[in-house]
Every structure is written in C-alpha cells, then in structure tokens.
Amino acid sequence: TTATPAYKRILLKLSGEALMGDDAFGINRATIVRMVGEVVEITRMGVEVAVVIGGGNIFRGVAGGAEGMDRATADYMGMLATVMNALALADAMDKQGLTARVMSAISIEQVVEPYVRPKALQYLEEGKVVVFAAGTGNPFFTTDTAAALRGAEIGAELVLKATKVDGVYTADPHKDPTATRYATLSFDEAMVRNLGIMDATAFALCRDQKLPVKVFSIFKPGALKRVVMGLDEGTLVHA
Ligand code: UDP
C-alpha cells in the first residue's frame, strides 16, 4: 500500500486485559495473534513501534494490597506479571515475522535483557519492536506511567493507549446512548472534565512533556493503522 504514516515512532500501551480476550483471566492466544496482526500492519508502513504491556490480566498490586498483602510486594508481583505478558507478546510477534526484543525494568537477565535506553533506541532504528516489561521497575506506579515514561525517553511522537472503547466519550457509551466521542481534547480539558484517561502520574508526565496520547480500541480492526495514519480515530489528547 501507499499509506503514509503520520508518525515515525510510537509507544503502544496494551493493558493486561487486552490479552485476555473474552477469558476471565490470563493470556488468550488468539487475541494476542489478532493484536499482533494489527502491529505488523503498521510496522510495514515503516513506523517504529515500542510497546508497554500491562499485567492486570494476571496480577494487580492494588488488589493484592487490598487483600492484606504488603503493597510493595504485591506491586513487584504485578511487575513480574507484565514480564510473562511481554514474553507471550514477543513470541507471537516473532511467529508473525516481527523481530521483537523484550526489555525489563527489573533485572531478571536469564529471562529477558534489562532495559538500557541506547539499546532500545538502536533496536527501534533497526526496525525491531521493543516490548518494555516490568513497568517502571518501581512499586506504586502503573504501566500507564511506564508508557508515559518510556514514550518520553525514546522520543515517541505519540502514546497510543489501547482500550476496549474506541475513544473518550462524554459519558459511558454503554449506559448513555447520547454519549459522543471526543475527537480531540486538550490535557487541560481532560483534567477539568475529570475524564480519567490515565492515572494522575502518567497524565502529568505526558502533559509536562507535551507528549500526545491517543485513546483508541485495539479490538476494532484497522483502528491502529488509522491512528498511525493520522485519521479521525479514537480521541487525541494534546497539549
Ligand atoms: N506495577 C508496578 N509498577 C509499575 C508498573 C506496574 O508496581 O511501574 C504493578 C502494579 O501492581 C500493577 C501491576 O504491576 O497493578 C500491573 O500493571 P497495570 O495495573 O498497570 O496493568 P494493566 O492495567 O495495564 O493491565
């Protein structure tokens, strides 16, 4: 195709839930394969892709903490959960002809290589997909914050937050039929309207760095490609 991408380098944030498909927990292989197929499309356009993967399908520190576990310990478990997801994702990428490299924010070097910024940049320049695992490497943070952080570090032009809904709406579209999608929003508007696009830390980082965030549905076929082409898809949150 002659599709021209609007972005050269992007950071895609996939939640753990995105990997579950219709399952109640864990990793749904068919769902991953489908998602990777969408990523393949955009790499073919020459876009450099880095991914931050969540872990909520396996473990969430907040939930563990609520059940009486030490919060920091629970968060480390959550970070390890993201490593499992990263391995599954990278495996599916390799199977579909993409060269993927997993880099972890906490060192578990027998399993995946540690995150080293210049190396990540090199992989991206080589056209490899970099999957960032273990979030920020710190408890009390989220993978959304890791997405903002890594996005800023690698000079991504856009953070793509993949969700189940195809953008940010004026109300919950499942509950309110009059709800409409915002095509664009400023960080200030999103904050004033309390739209809860990302957690406060992630949001503040993107806002400070003027790193735009696109909220879109990863389950809508072709949506990822449309986002990368700069078309009206999802919601763009900008400075
Ligand atoms: N986590 C953490 N620090 C980070 C990123 C993640 O402690 O920098 C832990 C935290 O316990 C979180 C879990 O890992 O609940 C899974 O990440 P997250 O909830 O962001 O995953 P998602 O919602 O995207 O599936």
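Helix α3 gives the most to the shell around the ligand, with six residues, in what is a predicted model. Of the 25 residues around the ligand, G54, G56, G61, G78 and G135 come nearest, and the elements that give two or more residues to this shell are α2 (61-66), α3 (71-95) and α5.

**Residues in and around the ligand shell**

- G56, one of the residues that come nearest to the ligand, lies in the loop between β2 (48-53) and α2, where it counts as buried because 22 C-beta neighbours lie inside 10 Å.
- Not counting residues up to four places away in sequence, G56 touches S15, G16 and E17.
- G16 lies in the loop between β1 and α1 (29-44), and with 23 C-beta neighbours inside 10 Å G16 also counts as buried.
- When neighbours within four places in sequence are left aside, the contacts of G16 are G54, G55, G56, N57, I58, A81 and N85.
- M79 has its place in helix α3 and, with 26 C-beta neighbours inside 10 Å, counts as buried.
- Leaving aside neighbours within four places in sequence, M79 is in contact with G55, I106, A134 and G135, and although M79 and G137 are 58 residues apart in sequence, their C-alpha atoms are 7.2 Å apart in space.

**Annotations from the UniProt record**

- The unreviewed UniProt entry lists residues 8-217 as "domain: Aspartate/glutamate/uridylate kinase"; in the model, the end C-alpha atoms of this span lie 21 Å apart, and the span is 40% helix and 18% strand.
- The annotation "binding site" in the unreviewed UniProt entry covers K13, L14, S15, G16, G56, R60, T163, Y169 and D172.
- These annotated residues span 160 residues in sequence, and the farthest two C-alpha atoms are 25.9 Å apart, so they do not all gather at one spot.

**The open sheet**

- Nine strands form an open sheet with mixed pairing, in the order β4-β3-β5-β2-β1-β6-β8-β9-β7.
- At the edges stand β4 (113-114) and β7 (184-186), each of which has a single partner strand, so one side of each is left without a neighbour in the sheet.
- Strand β1 (residues 9-14) and strand β6 (residues 158-163) run parallel and are joined by four bridges, with L160 in β6 as the bridge partner of L12.

**Helix α7 and its two sides**

- The buried residues of helix α7 (residues 200-209) are A202, F203, C206 and R207, and because they cover an arc of only 130° around the axis, they are on the same side of α7.
- As background to this pattern, an α-helix has 3.6 residues a turn, so residues three or four places apart point the same way.
- On the other side of α7, A200 and D208 are exposed.
- Among the elements that cover the buried residues of α7 are α5 (143-153), β6, α6 (187-192) and β8 (213-217).
- Just after α7, K210 takes a positive phi of about 50°.

Technical notes. Residues numbered from 1 in each chain as written. Predicted model: local features only at pLDDT ≥ 70, side-chain atom pairs only at ≥ 80, totals over all residues. Pairing = 2+ DSSP bridges. UniProt positions renumbered as here; feature names shortened; annotations may be inferred. Buried ≥ 20, exposed ≤ 12 C-beta atoms within 10 Å, placed from the backbone. Arc of directions from axis to C-beta. Contact = placed C-beta atoms within 7 Å. Near = placed C-beta within 6 Å.
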